Amino acid sequence: MSWETYIRIIDQVRGHTRGERFSISYSGMGEPLLNPLLFRFVRHVADQAVTSFASNGAALTENNVRKLIDSGLDTIYLSFNGDDAESFSRMMGGLSYDQVLGNVRRAVALAEGTRLKLRANVSITKANQDRVSRIKAQLEHERIEPVTFSLCHSRGGNLRDPTVCDTPPMQVDHWACDVMKNTLFVDWQGRARICDHDLHGEYELGDLMTEPLAVILERRQKLLEDSSGLKICRQCNDVMRVGGTFPLASRAGGVFRDWLYYLYQDLADPLSEANEPMKWIFQIYQKEGRADRFVNRLLAIEKSVQAELSQERNDRAVAAGRTEGLARERDAVVRELQLLQSDRQALAETKDRLQATLDERDRQFAALHADYVAIRRSWTWRLGQMVQRDIARLTRWLQVNRTFPRREQ
C-alpha cells in the first residue's frame with residue numbers, strides 16, 4: 001500500500017468516526033513488516049486509534065521492534081504454531097524456530113514498560129493438534145499471553161487440503177459473521193472487500209479512492225441483511241465468524257474459541273469431571289455412534305436449568321420490586337412524620353414567641369398602672385382635678401346664660 005492510498009483511507013475513517021477512537025489492524029494478506037511504510041502508517045494514527053497487526057515473527061528484528069515502539073503500536077499478535085524446530089518449520093512455511101523464538105524473546109524484553117504488547121494466536125491443524133498444550137505453555141513461559149487458538153479453515157473455500165484441515169463448514173444461517181459485521185477489510189489498492197478471505201476480489205464493496213465510506217458501509221449492511229448468504233460465506237469455517245459466541249446459555253464454558261483449545265488440550269482423563277455412571281452411559285452413546293444425542297441431552301438440561309434460573313431471577317425481581325415499593329412507602333411515611341415534627345416544632349416556637357410578647361405587654365401594663373396610681377395620689381393631680389371640675393361648671397353656666405338671656409327690669 002502506498003502512502004497516498006493510506007492517507008485517503010484514514011481521512012475517510014476519521015471523517016466517519018468524527019473524533020472518536022477507532023481500531024485498525026495492518027493484517028489480512030501477507031506479513032505486515034514487509035511494507036517499509038508500516039512504521040509511518042502507525043505513527044500517523046497512534047494518537048487516535050488502537051493499532052495492531054499479526055506477524056509470523058521472522059522480521060521482528062531489534063531495529064524493527066524499536067521503530068514499532070517509537071511509532072506507538074499497541075499490539076502484535078504472533079502466529080506461533082509449533083513448540084520445536086520440526087513442527088514449527090512445517091507449520092510456518094520453513095521458518096527457523098530458533099530465529100523466531102530469539103526475535104520473540106528480544107521483542108518481549110524491549111516492549112517491557114512500553115505501550116507495545118505481544119499476544120499470540122495458534123492455528124490448530126492436524127500437524128500440531130496434539131501439541132497445543134505444550135505450545136501454550138511455552139508461549140506463557142516466554143511471557144506472551146493471552147494465547148488464543150483458531151481452528152484451521154479454508155479461507156472461504158479457497159484452501160482445500162483434507163490432510164491439513166478437515167473442519168466442516170458452518171450452517172448457512174450463521175453466514176453473517178462477526179468479522180463482516182464489525183470489520184471493514186481494505187486491500188493494498190484501497191478497495192473494500194467483505195473480508196480478507198476474498199483472495200480473488202470477487203466480493204468487492206467499493207473503492208475508497210473514488211467513493212465515500214458511507215456508501216460502502218451501506219452496501220455492506222444490505223449484504224448483512226440478506227438471509228440467502230454468499231457462496232464464500234457458505235463455504236467458510238473460520239472460527240472468527242462466531243469467535244465471541246457463548247455455546248452455553250449460562251456462559252459457564254466461555255466463548256467458542258476457548259472450546260477449541262479444550263478440544264485438543266492434554267488431559268489425563270477426558271471424562272475426569274464425570275462420575276462413574278456418567279462415564280458408563282457416555283461409553284454406550286459413543287458405542288452406538290450417538291454421542292450427538294448425549295450432547296443434546298446435556299444442552300436440554302442446560303436449557304431447563306437456565307429457564308428455572310430465569311424464573312427464579314424474575315421472582316426475585318418481583319419480590320425486590322415489592323420490597324422496593326414498601327421501602328418507598330416507608331420513606332414517604334418517615335418524610336411525613338418528619339414534616340409533622342417540623343411543623344410541631346415551628347408551632348411550639350411560635351407559641352413561645354407569642355407568650356413572650358404577652359408577658360412583655362403585661363409587664364408594661366403593670367408599670368403603667370403603677371404610674372397611674374402614683375399620679376392620682378399626688379396633690380398636683382388632685383388640684384388639677386378640682387380646676388378641671390370648676391372649669392367644667394363655668395363652661396356649663398356660660399352656655400346656660402347664652403341660651404336664656406336675662407330680661408330687662
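Where in the chain is the place of R18? R18 sits in the loop between α1 (3-17) and β1 (22-25). This report, which concerns a predicted model, returns to that residue after a view of the whole protein.

## Overall form

The protein contains 13 helices and eight strands. Its radius of gyration is 47 Å, well over the 22 Å that the globule rule gives for 409 residues, so the protein is more spread out than a compact globule. The C-alpha trace spans about 170 × 65 × 50 Å along the principal axes.

A single pair of residues illustrates distances within the model. A366 belongs to helix α12, which covers residues 291-376. The C-alpha atom of A366 is separated by 108 Å from that of D266, and the two residues are 100 residues apart along the chain. A366 counts as partly exposed because its relative accessibility is 44%, a value that falls between the limits of 20% for buried and 50% for exposed.

## Surface, contacts and charge

Of the 409 residues, 32% count as buried. The accessible surface of the protein comes to about 27,000 Å², and carbon and sulfur atoms hold 54% of this area.

Among contacts with a separation of 6 or more, 65% are accounted for by residues 24 or more positions apart.

N64 is located in helix α3, formed by residues 62-71. With a relative accessibility of 13%, which is under the 20% limit, N64 counts as buried. Leaving out residues up to four places away in sequence, N64 touches F39 and A59. A polar atom of the N64 side chain lies 2.8 Å from the backbone oxygen of A59.

S133 is part of helix α6, which runs over residues 132-141. Its relative accessibility is 13%, and S133 therefore counts as buried. Apart from neighbours within four places in sequence, S133 is in contact with Y261, Y264, Q265 and D266. D266 is also the residue whose C-alpha atom is 108 Å from that of A366.

## A partly exposed loop residue

L95 is found in the loop between α4 (85-91) and α5 (97-111). At 22% relative accessibility, L95 counts as partly exposed. When residues up to four places away in sequence are not counted, L95 touches N56, A58, F88, S89 and V100.

The position of L95 may also be described relative to M29. These two residues are 66 residues apart in sequence, and their C-alpha atoms are 18 Å apart in space.

## Backbone features in loops

R18, the residue of the opening question, has a positive phi of about 55° although it is not a glycine. Is R18 buried or exposed? Its relative accessibility is 75%, which is over the 50% limit, so R18 counts as exposed.

R143 lies in the loop between α6 and β5. Phi of R143 is near 65°, a positive value in a residue other than glycine. P146 is found in the loop between α6 and β5 (147-151). The peptide bond from E145 to P146 is cis, with omega near 5°.

Conventions: Residues are numbered from 1 along each chain as its sequence is written. This is a predicted model: local features need pLDDT of at least 70, side-chain atom pairs count only at pLDDT 80 or more; totals for chains, interfaces and linings use all residues. Side-chain values use heavy atoms; hydrogens and water are left out. Helices (H or I, at least four residues) and strands (E, at least two) are DSSP runs, numbered from the N terminus. The radius of gyration is taken over C-alpha atoms; the globule rule is 2.2 Å times the number of residues to the power 0.38. Buried means under 20% relative accessible area, exposed over 50%, partly exposed in between (1.4 Å probe, protein chains only). Contact means heavy atoms within 4.5 Å. Accessible areas come from the Shrake-Rupley method with a 1.4 Å probe; for residues, only the protein chains shown count as cover. A polar contact is a pair of N or O atoms within 3.5 Å; within protein, one must be able to donate a hydrogen and the other to accept it, and residues adjacent in sequence count only if both atoms are side-chain atoms.
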